[in-house]
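I go through the pocket, then the chain as a whole.

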Amino acid sequence: MRKPERIKMVLAALNERYPEETVCYLNYSQPHELLIATILSAQCTDDRVNIVTAELFKKYPTLEAFAEADLSQMEQDVKSTGFYRNKAKNIIACAQMLLADFGGELPSEVEELTKLAGVGRKTANVVRCHIFGLPSVVVDTHVMRISARLGLTRNTDPVKIEFDLMKCLPKSTWIRYNHQIIAFGREICKAPKAKCSLCFMTEFCPSYNK
């Protein structure tokens, strides 16, 4: 099966299975909280991050509070998310940069977002999708794994995968694809072993049909 035909079938199958999938799995009520939660989500589950941020966002209710936070205390506050020293340092520095350079408002462009401490393209694209509604491809572990299994990329580098998907997927599907693949990865196409017997895409999945 040619790749364009496979892509059409993948998108149609995802739309049928997850027609309204637009959920963000990280809890937040203010734009900067999503940015901080996404920084914390690196090498950590969304469920764990939500447990931590439930208290964190009460303790630091404003961007200014994060900017003025004590580093050693912040390390303890986020310790259970892993890599807590870097995450704590980046959260405080990120808040300070937002206030000093952007008037406390999140920028919408990838180039500006990735200037912030601890913010890579994945975090920037999460913000663009959920805060600004801008078409962006978010390459998390689910998108990396499943896009490769579906034959949409041969790369392993997240940035290269992002650009591969931007080239082969219609721009209008980028945001929905992010959400649908995460749902699919949580339900069926798991790591390290997919539940292929339950899958609705085996007919056109190169990994299954090897």
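What volume does the largest pocket have? I looked up about 880 Å³ for the largest pocket. I note that this is a predicted model, where local features need pLDDT of at least 70, side-chain atom pairs count only at pLDDT 80 or more, and totals for chains, interfaces and linings use all residues. Residues are numbered from 1 along each chain as its sequence is written, and side-chain values use heavy atoms, with hydrogens and water left out.

On terms: a pocket is an open set of points on a 1 Å grid over the protein atoms alone, where a 1.4 Å probe fits, with protein on both sides within 12 Å along at least five of seven lines; lining residues have an atom within 4 Å of a point. Points are joined across faces, edges and corners, and the volume is the space filled by probe spheres set on them.

Lining: I found 36 residues, with Ser41, Cys44, Asp46, Lys122 and Asp140 nearest the pocket centre. Helix 2 (31-40), helix 3 (46-59), helix 6 (84-102), helix 8 (121-130), helix 9 (141-149) and helix 11 (174-187) each give two or more residues. Helix 8 supplies the largest share, 6 residues.

Fold: I read 11 helices and 0 strands in the protein chain (DSSP runs, H or I of at least four residues for helices, E of at least two for strands). The C-alpha trace spans about 55 × 30 × 30 Å along its principal axes.

Burial: 47% of the 210 residues are buried, meaning under 20% relative accessible area with a 1.4 Å probe, protein chains only.

How values were computed. Buried < 20%, exposed > 50% of the residue type's maximum accessible area, 1.4 Å probe, protein only.
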